[in-house]
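Hi,

Here is the structure I promised to pass on. Have a look at it first, and then read my notes below.

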Amino acid sequence: NTKDLSLLDLCTKYICNHITDLQTHNVPLSNLPEDVVDKLLSQFMKTKSLTNDILSNCLSSSRYHLALDGGGDWLSTQCFSSIASHCPSLYSLSLVDCPLFTSQHLLDIVKSCKELRNLNITLNILLDDESLEIISEYCPNLLILEARGVTKITNKGLEYISAKCNNLRRINLGGCSKIGNKGVGLLSTLPHLHEISLLKCPLVNDNGVVPLADGPSGKSLQILDISHCGQILDNGLKTISRISQLPVINMTGMLKITSSGIDEICKGCPFLASVHVGGCKQLTNEAVISILNHCKQLTTLDLSFLYLISDTAFMNISNISSLVTLVMAGLGLVTDTTIKRISENAPNLQAWNLWKCANITDEGLAAIGKNCHQIVNLQLSECSKITDKGVSSVALGCPRLSTAVFGGWATITDEGVKILTTHCKLIRTIDLGGLVAITNQSLRYLAESCPNLYSVSL
């Protein structure tokens, strides 16, 4: 509860402020509960004060998880040696963005930590194919490899992984721009591969996804991220449609795909539950119609910045009762008519992003308040036609609201905030930026009525 969290924060602050005294008296921080040690490490990382002595004092042979993300070039290389010498039982290790971390450090760690199953080396610019060879040699039972932004990795590195890490479930190669079709083909031989991210891998094209669909991975794949892969076209989507059991696909920012390709995916993958097509600027109403007609188990849908989408795309919607998250940011042609249709057919909606939907008015918010009682996150920034009346409708109908974003040019005053805080006591985050009619009185309403308030933007 809140009091426990406050006590944890106080303990962390005290220890950080007295760390020199504690070290002088040889007080072992590793004897503290692991969540306290994690909090300490996080605080030392934020303040760039984590030394090898402090880290060694925090680590123990029984430690199971360790995250030292964002180490920067200030994190001593001796700290990496401490991991190897103090944590032989590590199962999960995350070293995101540690620019001094080398293949030699990696070797020292994996030789010692024989139980490692989850490794995150995201954004470590000194790692390369040799690093993947080391991982394959000493971590043959690895389940998860996060290597996003490790730009020196090539297809050669994936040869090592595919040859020895047969139990791999998830691999993230986002931003590894030297990975091409051959590398994807090698990964397709992994029989248990559950998730693969090829975000911004420009060398992967339609030919590259063929082995993904037809190889051993095609039977196990559950999550496929090909966002911003500009060389994968409609033919590639047609190939992917052969992964009939696929529930999650991310196609964000694929500028060359059309509604025809989306139709192939939706027909071939009827179990799709999460579809992301934001920024695919060639998509028309037909793409959305296909998604809504064929994906009857849909829980998450991202349609952001599809500028050609209008009310026509939502004229016949009856299969979206399972929808939980809907992103419609930037759909400037959509009006209250669509908001009404969706709200009437998606009663379980919890998060709805309508940023920059400039044609939505209080009438649309009235429909949300009437039908969407499960909403916890509602984003309406830069919806300039909204007034206190619309806010009142949301407040009365959505008591579970915890994140409310109204910033922009809406005509919302202190009165609207008063009504919101009166009925939505669970608000943690609220954005009122750019609302010129808001005064200090709104801050008083928030302070007095919302005990869980965490963030206010003005």
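What follows is a short tour of what turned up. Keep in mind that this is a predicted model.

**Two serines**

Let's start with serine 197, which sits in strand S6 (residues 195-197). With a relative accessible area of 7%, serine 197 is buried. Its side chain has two polar contacts to look at: one with the side chain of asparagine 172 at 3.4 Å, and one with the side chain of aspartate 225, also listed at 3.4 Å. Leaving out neighbours within four places in sequence, serine 197 touches Ile171, Asn172, Leu173, Gly174 and Asp225.

Serine 304 is in the loop between strand S10 (300-302) and strand S11 (325-327). Is serine 304 buried or exposed? Its relative accessibility is 9%, so it counts as buried. Again setting aside neighbours within four places, the residues in contact with serine 304 are Gly278, Gly279, Val327, Met328 and Ala329.

**Aromatic pairs**

Searching the whole structure gives 4 aromatic pairs. In one of them, tyrosine 64 and tyrosine 91 are stacked, with 5.0 Å from centre to centre and 20° between the planes. These two come from distant parts of the chain, 27 residues apart: tyrosine 64 is in the loop between helix H4 (52-58) and strand S1 (65-67), and tyrosine 91 in the loop between helix H5 (77-86) and strand S2 (92-94). Tyrosine 64 is partly exposed at 40% relative accessibility, and tyrosine 91 is partly exposed at 26%.

Phenylalanine 80 and phenylalanine 101 pair edge-to-face, at 5.0 Å centre to centre and 65° between the planes. Phenylalanine 80 is in helix H5 and phenylalanine 101 in the loop between S2 and helix H6 (103-112), so the pair ties together parts 21 residues apart in sequence. Phenylalanine 80 is buried at 2% relative accessible area, and phenylalanine 101 is buried at 1%.

There is also a cluster: ring pairs link Phe305, Tyr307 and Trp355.

**Helices**

The axes of helix H17 (residues 414-423) and helix H18 (residues 440-449) come within 9 Å and cross at roughly 5°. An angle under 35 degrees counts as roughly parallel, so that is how H17 and H18 run relative to each other. By class, their contact has 3 nonpolar, 4 polar and 2 charged residues. Asp414, Val417, Lys418 and Thr421 are the H17 residues in it, meeting Gln441, Ser442, Tyr445, Leu446 and Ser449 of H18.

Lastly, helix H15 (residues 362-371) has Asp362, Gly364, Leu365, Ala367, Ile368 and Gly369 buried. Their cover includes helix H14 (336-345), strand S12 (351-353), strand S13 (377-379) and helix H16 (388-397).

Cheers

Technical notes
Residues numbered from 1 in each chain as written. Predicted model: local features only at pLDDT ≥ 70, side-chain atom pairs only at ≥ 80, totals over all residues. Heavy atoms only, no water. Helix = DSSP H or I, 4+ residues; strand = E, 2+ residues; numbered from the N terminus. Buried < 20%, exposed > 50% of the residue type's maximum accessible area, 1.4 Å probe, protein only. Polar contact = N/O pair within 3.5 Å; in protein donor to acceptor, adjacent residues only side chain to side chain. Contact = heavy atoms within 4.5 Å. Axes fitted to C-alpha atoms, helices over the stretch in contact; angles between N-to-C directions. Parallel < 35°, antiparallel > 145°, perpendicular 65-115°, else oblique. Nonpolar A, V, L, I, M, F, W, Y, C, P; charged D, E, K, R; others polar. Phe/Tyr/Trp six-rings, centres within 6.5 Å; stacked < 30°, edge-to-face > 60°.
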